[in-house]
Amino acid sequence: MSFPSSFPSRTASHAPWSAWPGPRALLVMAVLTACGAVQAGEPADAAAPSAAAVTESTPAGPPLDLQQALALALDGNPGLRAARRALEASDGAVLQSRARPNPELAWSQEDTRRSTRTLTVQLNQTLEVGGKREARMRVAERGRDLAQAELAGAEAALRADVGTAFFGVLAAQQRVVLAGQTLEIASSAREAAARRVAAGKVAPLEETRARVAESGARLEQAQARSGLRVARGQLQALWGERVRPFGQAEGAVDALPQLPELAALQQRIEQAPAVLRARQALEQSRATADLERARRLPDPTVSLGVKRATEVGRNQLVVGVSVPLPVLDSNRGNQLQALRLADQAEEQLLATRVQLQAQLFEARELLQASREQARQLAEEVLPTARTAYELASRGFALGKFGYLDVLDAQRTWSEARSQYLDQLLATHRAAADIDRLLGTESGL
């Protein structure tokens with residue numbers, strides 16, 4: 001079932017629909033439905049928005065579906081490209097971590113007199129001990145894993161944003177169609193009221209009310225077209241600078257996503273992007289602690305060279321070893337900091353799991369409530385509201401009802417369709433939130 005709406009999108013609410021139907025519409029629905037005076041001539045389902053109805057507010061260009069929109073975003077989104085550059089940068093850190101200390105070439109001279117001076121040339125090499133190089137490589141590799149997790153999270157968030165924005169465009173297109181339908185209805189009602197006034201059957205006030213309603217419908221149509229332009233701009237902003245012109249968005253906004261089982265969501269928590277990021281951050285913190293622990297051992301420097309003693313006229317081999325004495329600096333502060341940061345990362349992982357569970361439960365509850373409200377609107381409220389409006393319109397044409405009854409019934413039907421569309425959007429938004437949290441594509 002697909003019902004467009006002419007009203008701006010509102011945040012979905014789980015409160016009862018206390019704002020409608022109004023007293024007059026209730027009277028019309030109760031009396032006419034009970035008596036069965038007139039049967040509805042059309043099915044309760046409104047026709048899907050036609051391409052011609054949306055073309056007036058849609059720029060020229062090829063049609064766009066969800067997969068095409070997603071491909072454009074994955075290719076050109078600046079935030080995602082930045083995450084990819086971070087991953088590439090981490091490869092450089094891994095490469096650098098494998099490097100060993102450079103050797104040192106030293107030259108020295110004793111005495112300045114040619115006959116008694118001594119020249120020494122030697123090569124010094126620092127030797128890393130205590131597993132420093134291996135620990136440094138583990139830190140860099142864990143950093144690369146963390147960058148990979150960040151990229152996966154950015155992709156999941158982008159997919160959810162594109163899905164939400166795309167369904168927003170679909171909804172905005174349907175609002176434009178509904179606004180056009182409402183304007184046609186208001187224009188027909190104004191013409192009918194003018195004929196009845198000319199025939200002397202009703203007071204001129206009825207025609208004035210009809211003209212006011214027609215003006216309101218024109219304003220709603222302008223608002224719907226503006227909303228469509230905004231929705232299209234929000235979708236294109238996710239593509240970055242590579243904005244591709246597109247025509248009508250193609251898709252079914254009333255195709256509701258499935259409700260996942262809570263147990264299945266719990267099983268996928270460990271593979272969620274947020275948990276993966278927290279786990280990789282913990283592994284990197286532990287590797288950093290190991291590196292600082294290894295640095296407590298000083299690295300010796302071995303020397304090998306040749307000494308030329310001019311006074312004695314011969315060359316001498318020079319061999320040496322130097323070791324820093326960890327007397328003033330034993331690296332205890334860095335070790336303590338690294339250990340505490342590892343403890344913090346472990347606590348953060350636990351907090352992330354708890355927070356993710358709460359967020360998944362909330363998103364699933366919103367999805368379940370939105371699906372149920374959308375079903376009730378589609379199966380119970382919308383058919384009744386449409387039938388009441390049609391009966392009121394025909395009764396007004398026959399002189400059985402006043403124009404206020406028609407306006408009230410029309411308002412009730414429009415609000416019902418608008419709220420149905422809001423619930424559809426809330427359902428897709430909740431499904432996108434679940435996919436964002438779990439890093440999946442099930443909602444798309």
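The accessible surface of the chain comes to about 23,200 Å², computed by the Shrake-Rupley method with a 1.4 Å probe, where for residues only the protein chains shown count as cover. Carbon and sulfur atoms hold 54% of that surface. The model is predicted: local features need pLDDT of at least 70, side-chain atom pairs count only at pLDDT 80 or more, and totals for chains, interfaces and linings use all residues. Residues are numbered from 1 along each chain as its sequence is written, and side-chain values use heavy atoms, with hydrogens and water left out.

**Chain as a whole**

- Of the 444 residues, 40% count as buried (under 20% relative accessible area with a 1.4 Å probe, protein chains only; exposed is over 50%, and partly exposed lies in between).
- Among contacts (heavy atoms within 4.5 Å) with a separation of 6 or more, 84% join residues 24 or more positions apart.
- The chain has ten helices and four strands, which are DSSP runs numbered from the N terminus (helices: H or I, at least four residues; strands: E, at least two).
- From the N terminus on, the order is α-α-α-α-β-β-α-α-α-α-β-β-α-α.

**Helices H5 and H6**

- Helix H5 (residues 132-198) packs against helix H6 (residues 204-237) at an angle of about 165°, with the axes 8 Å apart; axes are lines fitted to C-alpha atoms, for helices over the stretch in contact, and angles run from 0 to 180 degrees between N-to-C directions.
- H5 is therefore roughly antiparallel to H6 (over 145 degrees; under 35 is roughly parallel, 65 to 115 roughly perpendicular, and the rest oblique).
- The crossing of H5 past H6 is left-handed, meaning that the near helix is turned anticlockwise from the far one by less than a right angle; clockwise would be right-handed.
- The contact of H5 with H6 has 21 nonpolar, seven polar and ten charged residues (nonpolar: Ala, Val, Leu, Ile, Met, Phe, Trp, Tyr, Cys and Pro; charged: Asp, Glu, Lys and Arg; polar: the others, Gly among them).

**Helices H3 and H4**

- Helix H3 (residues 66-76) and helix H4 (residues 78-97) pack at about 50°, their axes 6 Å apart, so H3 is oblique to H4.
- H3 contributes Leu 74, Asp 75 and Gly 76 to the contact, and H4 contributes Pro 78, Leu 80, Arg 81 and Arg 84.
- By class, these residues are three nonpolar, one polar and three charged.

**Gln 280**

- Gln 280 lies in helix H8 (residues 273-294) and is buried, at a relative accessible area of 17%.
- Leaving out residues up to four places away in sequence, Gln 280 touches Arg 142, Asp 145, Leu 146 and Ala 149.
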